[in-house]
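Please look over the sequence and the model before reading on.

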Amino acid sequence: MRKPRDFDTELKALEDKARELKTRKVQQLGELVIATGADQLSTDELAGALVAIAETKDAAKREAWARRGVMFFESRPRRTAPASQRNLRSAPAQPGGSQSPAGGSGSQ
């Protein structure tokens, strides 16, 4: 006879996995801020720039920022860290989100 599923255990495992993914995403965003030099900005400046970028609907600006972000990642030397940590672009984009802040400020 088949053993009944333990939904509580499965749910806990899924919650743990979601928490792990969120932690990794937060770490990768922090690494991106540092790698781009944006950690030199004040929290208010960084937040303001990110809000402006997220609100930008201009496709040409967003594409220019994306190209600049690609150039940034391609010009960086490879680290010996695992690929999941090395490739910051692999983080899934948020729906309605923006491209990498490495591309510049919202005033382009």
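The side chains of Arg19 and Asp16 meet in a salt bridge, at 2.7 Å from N to O. The term salt bridge is used for a side-chain nitrogen of Lys or Arg within 4 Å of a carboxyl oxygen of Asp or Glu. The model is a predicted one, in which local features need pLDDT of at least 70 and side-chain atom pairs count only at pLDDT 80 or more, while totals for chains, interfaces and linings use all residues. Residues are numbered from 1 along each chain as its sequence is written, and side-chain values use heavy atoms, with hydrogens and water left out.

Arg19 and Asp16 are 3 residues apart in helix 1 (residues 7–36), so about one helical turn separates them. Helices are DSSP runs of H or I with at least four residues, numbered from the N terminus. Asp16 has a relative accessible area of 32% and is partly exposed; buried means under 20% relative accessible area, exposed over 50%, and partly exposed in between, with a 1.4 Å probe and protein chains only. Asp16 and Arg19 also belong, with Lys12, to a network of salt bridges.

The whole structure holds 6 salt bridges. The table lists some of them.

| Pair | N to O distance |
|---|---|
| Glu10 and Arg5 | 2.7 Å |
| Arg19 and Asp16 | 2.7 Å |
| Lys17 and Glu20 | 3.9 Å |

Side chains of opposite charge can pair when their charged atoms come close. Lys17 and Glu20 are both in helix 1, 3 residues apart, which is about one turn of the helix. Lys17 is partly exposed at 40% relative accessibility, and Glu20 is partly exposed at 43%. Glu10, the partner of Arg5, is partly exposed as well, at 33% relative accessibility.

Where does Asp39 lie? Asp39 is in the loop between helix 1 and helix 2 (43–55). Its relative accessibility is 39%, so Asp39 counts as partly exposed. Leaving aside residues up to four places away in sequence, Asp39 touches Val33 and Ile34, where contact means heavy atoms within 4.5 Å.

On confidence, the mean pLDDT of the protein is 81, and 71% of its residues reach 70 or more. Over residues 88–108 the pLDDT is below 50, and this stretch has 38 contacts in the model beyond near neighbours in sequence. The pLDDT is the predictor's confidence in each residue, from 0 to 100. Where pLDDT is low, the predicted coordinates should not be read in detail.

Technical notes: Helix = DSSP H or I, 4+ residues; strand = E, 2+ residues; numbered from the N terminus.
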